[in-house]
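Please read it alongside the sequence and the coordinates.

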Number of protein chains: 2
Amino acid sequence: MKKIVLPKKEDFIPHLAYDAVIFGFNGTELKIVVLEYQKTHHFALPGGFVQYNQNLDDAVYQSVKNRTGLTDIQLEQCHTFGNQKRRNKKVLKDICKVHDHQINDDHWLLDRFISVCYYALLNFEEVTLQSDGLSDSIGWYSLDELPELILDHKEMVSKALEVLQKNLDEKLVGMNLLPEKFTMKDLQTVYESILQKKLVRTAFQRKILAKDILVRHEKKYTGKAHKAPYLYSFNSA
Amino acid sequence: MKKIVLPKKEDFIPHLAYDAVIFGFNGTELKIVVLEYQKTHHFALPGGFVQYNQNLDDAVYQSVKNRTGLTDIQLEQCHTFGNQKRRNKKVLKDICKVHDHQINDDHWLLDRFISVCYYALLNFEEVTLQSDGLSDSIGWYSLDELPELILDHKEMVSKALEVLQKNLDEKLVGMNLLPEKFTMKDLQTVYESILQKKLVRTAFQRKILAKDILVRHEKKYTGKAHKAPYLYSFNSA
DNA sequence: TATTATTGTATCTAACCGATACAATAGAAA
DNA sequence: TTTCTATTGTATCGGTTAGATACAATAATA
């Protein structure tokens with residue numbers, strides 16, 4: 001078991017954390033990044049702490065970038081969770097125990113934390129997930145197959161999805177979740193997995209085309225025995 | 001000039017504040033509460049700090065309650081402002097100077113603060129505004145007659161209004177802004193001042209009545225020479 | 001060449017909104 | 001009392017939009 005190094009108190013604003021619900025689309029369904037603290041069976045959203053000389057937004061962006069290797073990330077703030085019971089006592093102690101690391105009861109990470117939750121949208125295919133210094137494993141999970149998450153992280157996922165749904169029609173959400181070129185069906189599947197309901201194909205196509213946000217390219221021949229769909233890209237770039 | 005007492009470091013979570021955009025409706029237009037630190041010409045949103053054993057939401061609620069004397073308040077979180085430049089140095093020093101109060105450069109209130117912004121909706125007529133220990137004056141201001149506000153408080157007002165607009169159709173916003181009984185015109189004026197645009201009278205009435213959220217009561221005779229409108233109340237209580 | 005699944009688009013209908021019209025007031029003016 | 005005026009409540013017409021249905025145009029297979 002590798003030695004772990006906890007974040008140092010003097011580097012970060014105390015009692016303040018952030019967590020990110022990182023959404024990716026694998027072509028079929030929406031997935032989010034969840035990490036597991038090794039051997040402890042504690043699952044959590046990726047998160048971190050804010051340095052004294054760092055903007056909150058930048059801290060979150062850096063963290064998501066480090067976790068995923070990507071720089072093209074759509075970040076939106078969802079909600080700040082400030083319940084006084086938000087503390088990591090058991091989780092952190094378990095982690096330290098597993099790693100044979102001494103931790104005092106008055107360690108700053110055992111205190112109460114306020115956490116600002118963000119969602120991130122990015123291109124699933126380009127991601128290579130990186131574990132961090134706390135030596136955890138990390139992976140993609142479907143929304144309906146999430147493991148039990150620590151603290152209020154489950155609530156964060158709900159809130160993130162809720163905010164994402166509200167933003168869907170005005171924020172060109174597909175842009176960061178899809179590859180450069182995609183079919184109308186791809187886009188519809190993205191919408192359906194975010195809204196968690198089926199959409200009417202013909203009405204969806206009509207509505208999206210009327211928005212005038214797509215450029216139509218060549219057809220995509222999949223080898224299947226039916227009419228080939230057009231490829232599209234977003235024209236807003 | 002009265003002696004001031006600054007909040008004590010040991011009572012509150014450092015670097016964490018909240019601010020509230022308190023909306024009231026005076027029958028004609030939307031107003032918000034702004035306070036002025038006496039003689040310093042610094043105007044600010046009412047805000048405060050979170051105690052170690054206090055939920056964030058509760059802290060904000062208590063603060064708004066203390067400022068307004070009301071308990072029936074609709075509170076919604078808008079956004080958390082985390083720019084590293086958010087510090088009150090000049091403002092606080094000016095206040096202390098005016099009050100002949102010594103403050104050290106390393107005072108905790110001079111540090112960087114992250115602030116969680118909320119909006120509050122309440123019944124304008126029932127409010128009696130209370131100044132607080134920092135000995136400031138406090139009053140209602142129209143959105144289009146706001147004085148210059150400290151830090152990013154102007155941005156907070158914009159964000160609050162934006163979130164309020166988004167919530168307008170699903171959150172029964174009128175309930176806390178209007179008295180128990182009100183006319184259709186009153187409700188329409190509330191909607192118009194929030195959305196900052198004129199609405200079509202007949203369509204508005206039709207839409208609201210179709211929602212089935214109002215109970216119709218007796219007519220309201222204003223003494224004017226025209227048909228008297230009905231009074232309504234919300235039925236969701 | 002016929003078959004099959006899928007795509008792109010047109011058409012029909014129901015719901016909804018803005019615009020318009022108009023009757024029903026409540027009080028003032030004549 | 002009668003007339004007048006401003007406002008309110010509601011009905012109706014026309015345009016827009018979404019769901020439902022229909023159907024032609026494929027791309028590969030049988």
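In this predicted model, K89(A) belongs to helix α2 of chain A, which spans residues 89-98. With a relative accessible area of 36%, K89(A) is classed as partly exposed, because that category covers values between the 20% limit for buried and the 50% limit for exposed.

Helix α2 of chain B, residues 89-98, can be described by its two sides. Its residues V91(B), L92(B), I95(B) and C96(B) are buried. Because these residues cover an arc of only 130 degrees around the axis, they are on the same side of α2(B). The other side of α2(B) carries K90(B) and K97(B), both of which are exposed. As for what the buried residues of α2(B) meet, they pack against two strands of chain B, namely β2 (30-37) and β3 (42-44). Just after α2(B) comes D100(B), whose phi is positive, at about 55 degrees.

Two further positions in chain A deserve a description of their surroundings. T68(A) is part of helix α1 of chain A, which covers residues 56-68. Its relative accessibility is 0%, so T68(A) counts as buried. When residues up to four places away in sequence are not counted, T68(A) touches I22(A), L122(A), V127(A), T128(A) and L129(A). H79(A), in turn, sits in strand β5 of chain A, residues 74-81, and it counts as buried because its relative accessibility is 18%, the limit being 20%. Apart from neighbours within four places in sequence, the contacts of H79(A) are S115(A), V116(A), C117(A) and K159(A), together with Q77(B) from chain B.

The same surface serves both copies, since 100% of the contact residues of chain B recur in chain A.

Of the atoms of DNA strand C that come within 4 Å of the protein, sugar and phosphate account for 56%. The elements giving two or more residues to the surface near DNA strand C are α6 of chain A and α6 of chain B, and α6(A) gives the most, with 5 residues. By class, the surface near DNA strand C holds 9 nonpolar, 6 polar and 10 charged residues.

Around DNA strand D there are likewise 25 residues, and the closest are H226(A), K227(A), T202(B), H226(B) and Y230(B). Sugar and phosphate make up 55% of the atoms of DNA strand D that lie within 4 Å of the protein. Among the elements near DNA strand D, α6(B) supplies the largest share of the surface, 5 residues. The residues of this surface near DNA strand D divide into 9 nonpolar, 6 polar and 10 charged.

| Residue | Protein atom | DNA atom | Distance |
|---|---|---|---|
| R206(B) | side-chain N or O | base nitrogen, DNA strand C | 2.9 Å |
| A225(B) | backbone N or O | base nitrogen, DNA strand C | 3.3 Å |
| G223(B) | polar backbone atom | sugar or linking oxygen, DNA strand C | 3.4 Å |
| R216(B) | side-chain N or O | phosphate oxygen, DNA strand D | 3.2 Å |
| K219(A) | polar side-chain atom | phosphate oxygen, DNA strand D | 3.4 Å |
| G223(A) | polar backbone atom | sugar or linking oxygen, DNA strand D | 3.5 Å |

For DNA strand D, the elements that contribute two or more residues to the nearby surface are α6 (201-211) of chain A and α6 (201-211) of chain B.

Note on methods
Residues are numbered from 1 along each chain as its sequence is written. Chains are lettered from A and ligands numbered from 1 in the order in which they are written. This is a predicted model: local features need pLDDT of at least 70, side-chain atom pairs count only at pLDDT 80 or more; totals for chains, interfaces and linings use all residues. Side-chain values use heavy atoms; hydrogens and water are left out. A residue is near a molecule or strand if one of its heavy atoms lies within 4 Å of it. A polar contact is a pair of N or O atoms within 3.5 Å; within protein, one must be able to donate a hydrogen and the other to accept it, and residues adjacent in sequence count only if both atoms are side-chain atoms. Helices (H or I, at least four residues) and strands (E, at least two) are DSSP runs, numbered from the N terminus. Ala, Val, Leu, Ile, Met, Phe, Trp, Tyr, Cys and Pro count as nonpolar, Asp, Glu, Lys and Arg as charged, and the others, Gly among them, as polar. Contact means heavy atoms within 4.5 Å. Buried means under 20% relative accessible area, exposed over 50%, partly exposed in between (1.4 Å probe, protein chains only). The arc is that of the directions from the helix axis to the C-beta atoms.
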